[in-house]
Amino acid sequence: MLFCRGFSRTRISRLIHRNSLFGLLLSPPSPTSQPLLSNQILHPTIQVCGGRGNFSWSLPAFLGLGRLIHRSSSVIEEHLDPFSLVADELSLIANRLRAMVVAEVPKLASAAEYFFQIGVERKRFRPTVLLLMARALNVHRPEPPAEGVGDASTTDLHARQQSIAEITEMVHVASLLHDDILDDADDRRGFGSLNAILGNKLALLAGDFLLSRACVSLAALKNTEVASLLATVLEHLVTGETMQMTTSSEQRCSMEYYMQKTYYKTASLISNSCKAIALLAGQTAEVAMLAFEYGKNLVGNFLRVSFIFNSF
C-alpha cells in the first residue's frame, strides 16, 4: 500500500460538475445549466496511521454525493452515451484488431488474439477516448499545410487516427500480458490469465508479438513525431514496472514517487496517444499539449478515486 507512516493526514477535494466523464469532449455546458452540486466541494478525509487508513466523508459531502449519484443517472439518460457515439468505429477497430493479430503459428495466434475475442474485449475504454478526442479536434482544424506537406483528406485523417486507437489497444493488451506474468496472476477481466492457461513463455511471446504488430502499424503512419511519442510510451511502461518491482520502504511513503510510477505504467499511454491524435489533426503545439494533459489527468484522477475506494 502506498500510504504508511510518514503521512498523518491527507485532504482530497473534488469539484464535480454535471458533465459526464467525457463531457469535456462531447459538449460544453449550456448557459442555463447548473453544476450538479452547485459548486459545492466534496471533502473526504483520509487518516493514515501505521500503514492503515480510515476513510470518512463529512455530512455535507456525503449528502452531496447522494445528490450527485441521483442526478448523474438523469444526466446520462438525457445525454448520449459516449460509447454509442463511436460504436460503429469501435466495431471496425475491433474487427481490424482481430485481423492484425493473426499469426502463422497456431499457438501464437491463439495466444495473441486471446483478449481480442468477442466477449473478452469489453468496452475498449482507450480507443473510445481517442476516437472522441479525434472528433473534438477534427471539428476546428487549423488551415491545412502547404500542398505536399501532410495534406490528407478527412477520410485519410480518420483512418490514421483510428490506427492510433488500434496501436494503443495493442500496446495496452501487451502490457497486461506482461504484467500478469510478473504478478503471477491467475485471472484477468473475469477470465483465466493467459500465463495461467498457456504458460509464461507463450504469454511473454504473445505480448512481444502484439508490440511488434503495433510498431508495424506505427511505422505505416510515416510520422516521426508520433512514432517518437509511442516509442516513449514503451520506455515508460518498462520504467514504471521496474519502479514498482524495486520500490523501497521510503519510496512507498512518497506520493510523488507513486504518481510518477503510475504515470509511467498507466497514464503515459493514453496521454501520449491523445497528443498523437492532435498532431495527426494538424493542431498547434499548444492544443496537442492540452490533449496530452487531458489524457494524463483523466487516468490520474480515475486511479486516485479507485485507490481511495479500494483501499479504505
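**Close-up views of a predicted model**

**View 1. Contacts of Thr 168.** Outside the four places on either side of it in sequence, Thr 168 is in contact with Arg 126, Leu 130, Leu 269 and Ser 273. The model shown here and in the other views is predicted. Thr 168 belongs to helix 7, which covers residues 154–183. Is Thr 168 buried or exposed? Thr 168 has a relative accessibility of 0%, so this residue counts as buried, the cut-off for buried being under 20%.

**View 2. The largest cavity.** The model holds 1 cavity of 30 Å³ or more. The volume of the largest cavity is about 50 Å³. Which residues line the largest cavity? They are Ile 167, Val 171, Ala 214, Cys 215, Leu 218, Leu 230 and Leu 234. Two or more lining residues come from each of helix 7, helix 9 (200–220) and helix 10 (224–245). Helix 9 gives the largest share of the lining, with 3 residues. By type, the lining has 7 nonpolar residues, no polar ones and no charged ones.

**View 3. Two cysteines, Cys 215 and Cys 274.** Cys 215, one of the residues that line the largest cavity, has a relative accessible area of 39% and is therefore partly exposed. Cys 274 has a relative accessible area of 0%, so Cys 274 is buried. A disulfide is a covalent bond that joins the sulfur atoms of two cysteines. How many disulfides does the model have? The count is 0, with a cut-off of 2.5 Å between the sulfur atoms of a pair.

Conventions
Residues numbered from 1 in each chain as written. Predicted model: local features only at pLDDT ≥ 70, side-chain atom pairs only at ≥ 80, totals over all residues. Heavy atoms only, no water. Helix = DSSP H or I, 4+ residues; strand = E, 2+ residues; numbered from the N terminus. Buried < 20%, exposed > 50% of the residue type's maximum accessible area, 1.4 Å probe, protein only. Contact = heavy atoms within 4.5 Å. 1 Å grid on protein atoms, 1.4 Å probe; cavity = no way out; pocket = protein on both sides within 12 Å on 5 of 7 lines; lining within 4 Å. Points joined across faces, edges and corners; volume = space filled by probe spheres on them. Nonpolar A, V, L, I, M, F, W, Y, C, P; charged D, E, K, R; others polar.
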